[in-house]
Structure formats: C-alpha cells, structure tokens
Amino acid sequence: MKDRSIHILNFVGLGFFEPAIRLAAGEETKKNLIALFKKVLLPVLAVGLFLILWHAGSSYLYNVEKDFKIETARIASGNSGVTTELERIETGESSINSLPSPVAVLGAFKTLLADHKEINLKKEAFALKVAPLNEKNLEFNRVNADKIKEGIAAKKKPIKYTGRPSFVDQIFTSLKTVFAGFFLALFLAVPIGVVLGLSSTLRSSFNWLIQIFKPVSPVVWFLLVYMIVKTFTLEYDGDVSFIISFIAVGLCAMWATLVNTTLGVSTVDKDYINVAKVLNLGVGQKVFKIILPSSFPLIFTGLRITVSVAWMVLIAIELLSQSPGLGTFVWEEFQNGANDSNAKIIAAMFVIGGIGFLLDKLMFTVQKFVTFTEEATT
Amino acid sequence: MAYIELRNVSKSFGTGKDRTQVLSNINLEIEEGEFVAIVGFTGSGKTTLINLISGLLMPDEGQVLFKGERVTGPSHERGVIFQNYSLLPWLNVRNNVGMAVKEAFRKMSKKDRNKRVEDYVEMVNLSPAIGKLPKELSGGMRQRVSVTRALSMSPDMILMDEPLSALDALTRGNLQQEILNIWNKDKKTALLITNDVDEGILMADRIIPLKPGPKATLGPEYKVNLARPRDKAALNHNEDYKLLRNGIMEYLIQIGEQRASKKDSNHVLPDIKPIVKIPPFRRISFN
C-alpha cells in the first residue's frame, strides 16, 4: 500500500510527498527527516519569504500613493482637505490602486468564488423560468419540421443564459480553448513532423518557412487567423471568437511539437533502422512499429512545451479576441479599475499559474505512460 | 557453386581526404551447410563485412553473390544477429519475435504465427519471459531473443556479428552451446564474426582471420577438423585443438604487432624513462 502510493506519486510527479509517507511508516527517520526538510519545508519557507516580501512591497507602494494623495489635498485645500481625503480613503471612495497585498488578493479570490455561487443561483432560476418556453420551442420545431426544411418557418432556438459569466466559468472557457488549440496543434504538427522527418527533401524544402513562422508572436498569429477566419464565417452566427482564439492558440503552440517530431523521426537510432531493414518491414510497419515509438520521447517533450505555450499565449489571444475566458477577465478587470480590480487580477494570475502547472504535470504523466525507457530505472 | 561468394569486394567510408578504405579485395566462398568464423581485431572491418553480406551496405567494388545472385538489399533469407541485440525496447519478447514472423510469413494465420513465436521462444528456454520487455531481461536473455528473432524467419543463412562479445564468460559459454545445438538441428549455412579464437574453434568448420584495417583483407584460412559435438572442457586437452589455437593466435599476434609497429613509427617519443618500480607487463588482448 505504502510503496504503491509512493510509486503513484512519483509517477505523476508529486514525489515530494514521498518522505512524509515514509516517515509516517516509521522508516529511516533521520534520512527522511532531512528529505522532508529539503523537499517540503524549504519550499514552504521560500513561499513564506515571498509572501512577506510581497506584503512589505505592497504596503510600501500603498503608502507612497496615500502620501501623495494627502499631499495633493493639503496643497489644494489645506488641513480640512487632508481630513476629508483621509475619510474618503477610509471609505474607499478615493481608491488607491497600487499592488494589492496578499490578504487583499485572498479576499478577492473569495469574492470571485462567492460571485460564482451567486451567478450559479441566477442561472438555475433562469433555467427554471425558461424551461416551459424552451419546451414550447422544441414542440414548435417538431410540429413544423417540414416547414423548417422547406424554409418557410424559422427554426426556434432554445433560450440561453446570456448574463455575465463567473470567474469559474471563464476558467472552463479558457481550458476549452486551450484544449481545442492543443488538439489542433497535435493533429497538425505530429503528422507534418513525421512526414518532414521521413523525407530530407521535404525537410529542406520547408525549413525556411518553418524558421520564419516559428518565432511569430501570438498577437500577430491572432490577427492573421482573424483575417482568414473572418471571411469563412461571414454567414456563421456561432461563437466566432472561440474559433479564432483556439486556431490562433493552436498555430502559436504547434511549432515545438513540429520541430521535435521532425527531429525525433529523422534521428531514429540506426540500430532500429537496421532491424527494420533486415526484417524487410513494410513502410507502415516501419513507421508505426519502429519510427514512431522510438521518437515518442521527443514528440512528448514537444507536446509538453506545446501545452505550456498554448496556455501562455491563450491569455493574450483571449484578451484580443474577446473570447470570454481568463484573458478577457484580466483585461476587463484592468479596464474596470474598481477598488478590488487589481487584487482580482493578481488572483487570476495565481489561478493561471496553478492551472499551467497542473497541465504540465498532466502531460508529464501521459508522457510517462506512453514512452519507453531503454534501461531499467531501479 | 558456392552458397555465398564475395568477389574482390572493397568498401570505403568518408569522402575526399578523409576517405578510408575499410575492406580491400575480399574474396570469400562459403558452401551450403558450412559454419565459417571470421576472427579479427576490433575495428578491423568485421561489421562492415557482415553488413555487406546481409545487404545493409553495398560494396564499392566487386560483388556479393548469394546462391549465385547479386545481393541488392536485406532479405529474409539471411537472418542477422546483431552484436548489441537491437531489440525494440517498447515491444515485449513476444512482439519482438512476432514482428519478424509476421513479415516473413505474411500468409500464415494469426494463430499459426503465434504458435511459431511460442515454439521458437521455447527453443531458447525463454517461455517464462515471453511477456517481458527487453529492459527486464539480462544481457544473455536479450541475445537469446535476438537469436530467436533471426531464426524464427527460417533464414537460409545466419549471419552473426559478434553475438556474444558483450556477455560475461559464463553466459557466453552457455549461449555458444545453445546456438550450436540449434545449428546442429538443420545445419544451416552460418557465418560467425568474433574476436574470440576459442569461440571460433568451438563453433566453426573453418576459421579465417581478418587482417586489421584500414584496407583489411582476409588472411589464410584454418580448417577445424574436430569432431562434433565438441565439448569445451574436453577440447582443452585435445592436441589438435591446441595446435590449431596456437597457430591462429600466433598469426594474429604477428599481424597485431605489425599494425602496432606501423603506428608507432609515426610518433617521436620523448627520451625519458618512467619512474615506475613495478615491472611492466605485456598483455595481449583482442577486444
């Protein structure tokens, strides 16, 4: 049980729990205490130090702004101005928008979750309210199916909730976009990479194009995709911003996978190629049984980079495309400029970072599942 | 007509100034059912020679003929056992062997193919490990799988490129015997490349030393007229064996010294003496 859980933890890259489990089982106390100190205590201390520095920095910045406001008020209307200004700051009427403190960020995070609950309640109420209407619409569609087909009657759509999305909704929208973009990158980059890796002629033909497109910035990709998709979706009334943002994310992020796949396929161990030749393997067998498996480690390294890049550029692209995700959230909060806007932005930053970390761990685990190790790793 | 024949075969690697001729003017004939061993130093072009015969490499000059026809590429008819096993690390024993069987017997039903794989794995006593990955096997077991893979395609000829040189002495002895036992069953034509004279004498009908490269050529051949089956322990007291072994060893040492003196002549050594108290000793190594 113990060894099994340690094995699983190491497998998913959470190996730092290992000494704690071993310690709980009473194994080699001294060695595991040192390991626990190194792997858990020191990181916790580092986080604590960071929080202290952050808190000190934010209160310093706050005071600088506060002093400036009071000074301005004193110059404008003397001591009475100072008192009113202090009161206004106290009540939040005159807001000080500098770096928020850790406590403020935690508060903002709680506000966001409470807001999510509230919006969920609204959604439920809305769903209850429109349920009979939606049913009626469905009934209408069923009865008039022939007319709709002939184009006489218009098909009635179910009524959807169109209110403001909550923070949690936006996280899921972002995840949807990033996964759509990731799979686009996967299905574009891996096959192209394999083909390019197999043929040195094609590789040198497309080398220049790849080198040029690889460093293009996410913003430019977004504009490029926008130019093209706009024309194709003139008559489409669905979520165009989602289409644009996921395509842009995919195109931005696919290069690491493309280059790694090409490299992996073109540098398969010569021994394995000799085996394929000696066994007279056909092309399909050679690709699927030898070339792909042996380049899996490199392909997955590429895919891991792709996921991180996709998540990183997603925020910028959503910000531009107004697709309702975390990027839009951050930008709207910045434009909003309310008292707790900055705190919400920082809260979103940590959520973004945390999700990025989890995505990487997810890919890491998948990678371990599908790739081989040449030697036993005991 | 010889089963396999090499006529004035030469092979070079590199271009321009860096071009070196590895093999030069190789002539070799192997009859059907014959077991030939080629003994040589490391780096003398042994692997190049076997790659030429298997079809992985093409000669620059001369011809490689198999059953009277030119070799134009690898074929199932010539099974190769590689020095470093070359098992696919992502496939287990069954699939490593199965892949070869599948390609060699395309028309065979899946059930028969599986049966064949299992029979051949059984032959090298690896049935308990049939579901294991190469990384879970010892060096000797891996080489057994490699042998099985080559034999399961039922080739007309077996090419072995230093198959046992990466193994420890004990495993090596066991596997030599195992390969001999398998070979004894249908006496297929076999070519063994090795750096171990004893191994050559134990296994082969004929031993040909390969003079070290660059421009390696084959030396004079030595017939092994010892009765089969040969017992390794008994051989040590056999006069014919001793005579033959010494003959080959002397020849190899002689060409080895030629090579060493040729190399040394290019260097000017400083006129200093080492301050070592231990008497220097000479070691003859072919590895």
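Predicted model: local features only at pLDDT ≥ 70, side-chain atom pairs only at ≥ 80, totals over all residues.
**Entry 1. Salt bridges, whole structure**

I searched the whole structure for salt bridges, and the count over all chains came to 25. I then went through some of those in chain B one at a time.

**Entry 2. R19(B) and D60(B)**

I looked up R19(B) and found it in a salt bridge with D60(B), with 3.7 Å between the closest N and O atoms. R19(B) sits in the loop between β1 (4-13) and β2 (20-30) of chain B, and D60(B) sits in the loop between α1 (46-54) and β4 (61-66) of that chain, so the pair ties together parts 41 residues apart in sequence. R19(B) has a relative accessible area of 45%, which makes it partly exposed. D60(B) is also partly exposed, at 37% relative accessibility. I also noted that the pair belongs to a network of salt bridges that links K11(B), R19(B) and D60(B).

**Entry 3. E34(B) and R206(B)**

My next pair was E34(B) and R206(B), whose side chains form a salt bridge at 2.6 Å, N to O. E34(B) is in the loop between β2 and β3 (35-40) of chain B, while R206(B) is in strand β9 (residues 206-210) of chain B, so this bridge ties together parts that are 172 residues apart in sequence. Buried or exposed: which applies to E34(B) and R206(B)? I found E34(B) buried, and R206(B) buried as well.

**Entry 4. R172(B) and E199(B)**

The side chains of R172(B) and E199(B) also meet in a salt bridge, at 3.1 Å from N to O. Here I was looking at two helices of chain B: R172(B) lies in α5 (residues 169-186) and E199(B) in α6 (residues 197-203), so the bridge ties together parts 27 residues apart in sequence. R172(B) counts as buried, at 13% relative accessibility. E199(B) is buried too, with a relative accessible area of 2%.

**Entry 5. L164(B)**

I turned to L164(B), which is placed in the loop between β7 (157-161) and α5 of chain B. Its relative accessible area is 1%, so I have it down as buried. What does L164(B) touch, not counting residues up to four places away in sequence? I listed Q143(B), R172(B), L175(B), Q176(B), I179(B) and E199(B). That list includes R172(B) and E199(B), the salt-bridge pair of the previous entry. I also took the C-alpha separation of L164(B) and R116(B): it is 25 Å, for residues 48 apart along the chain.

**Entry 6. Helices α4(B) and α5(B)**

I looked at how α4 (residues 139-152) of chain B packs on α5(B): the axes come within 11 Å and cross at roughly 15°. That angle is under the 35 degree limit, so α4(B) is roughly parallel to α5(B). The crossing of α4(B) and α5(B) is right-handed. On the α4(B) side I listed G140(B), Q143(B), R144(B), V147(B) and L151(B), which meet T171(B), L175(B), E178(B), I179(B) and I182(B) of α5(B). By class, this contact of α4(B) with α5(B) has 5 nonpolar, 3 polar and 2 charged residues.

I followed up E178(B), in helix α5 of chain B. E178(B) has a relative accessible area of 16% and is buried. Leaving out residues up to four places away in sequence, E178(B) touches V124(B), N125(B) and R144(B).

**Entry 7. Helix α1(B)**

How many of the 9 residues of α1(B) are buried? I got 8, so the helix is largely enclosed by the rest of the structure. The buried residues in α1(B) are K46(B), T48(B), L49(B), I50(B), N51(B), L52(B), I53(B) and S54(B). Just after α1(B), I noted that G55(B) has a positive phi of about 100°.

**Entry 8. Helices α7(A) and α9(A)**

Last, I went to chain A, where helix α7 (residues 200-213) and helix α9 (residues 240-266) pack at an angle of about 150° with their axes 11 Å apart. The angle is over the 145 degree limit, so α7(A) is roughly antiparallel to α9(A). The crossing of α7(A) and α9(A) is left-handed. From α7(A) the contact takes R203(A), I210(A) and F213(A), and from α9(A) it takes W255(A), L258(A), V259(A), T262(A) and S266(A). I sorted the contact of α7(A) with α9(A) by class and have 5 nonpolar, 2 polar and 1 charged residues.

Key. Residues numbered from 1 in each chain as written. Chains lettered and ligands numbered in written order. Heavy atoms only, no water. Salt bridge = Lys/Arg side-chain N within 4 Å of Asp/Glu carboxyl O. Helix = DSSP H or I, 4+ residues; strand = E, 2+ residues; numbered from the N terminus. Buried < 20%, exposed > 50% of the residue type's maximum accessible area, 1.4 Å probe, protein only. Axes fitted to C-alpha atoms, helices over the stretch in contact; angles between N-to-C directions. Parallel < 35°, antiparallel > 145°, perpendicular 65-115°, else oblique. Left-handed = near helix turned anticlockwise from the far one by under 90°. Contact = heavy atoms within 4.5 Å. Nonpolar A, V, L, I, M, F, W, Y, C, P; charged D, E, K, R; others polar.
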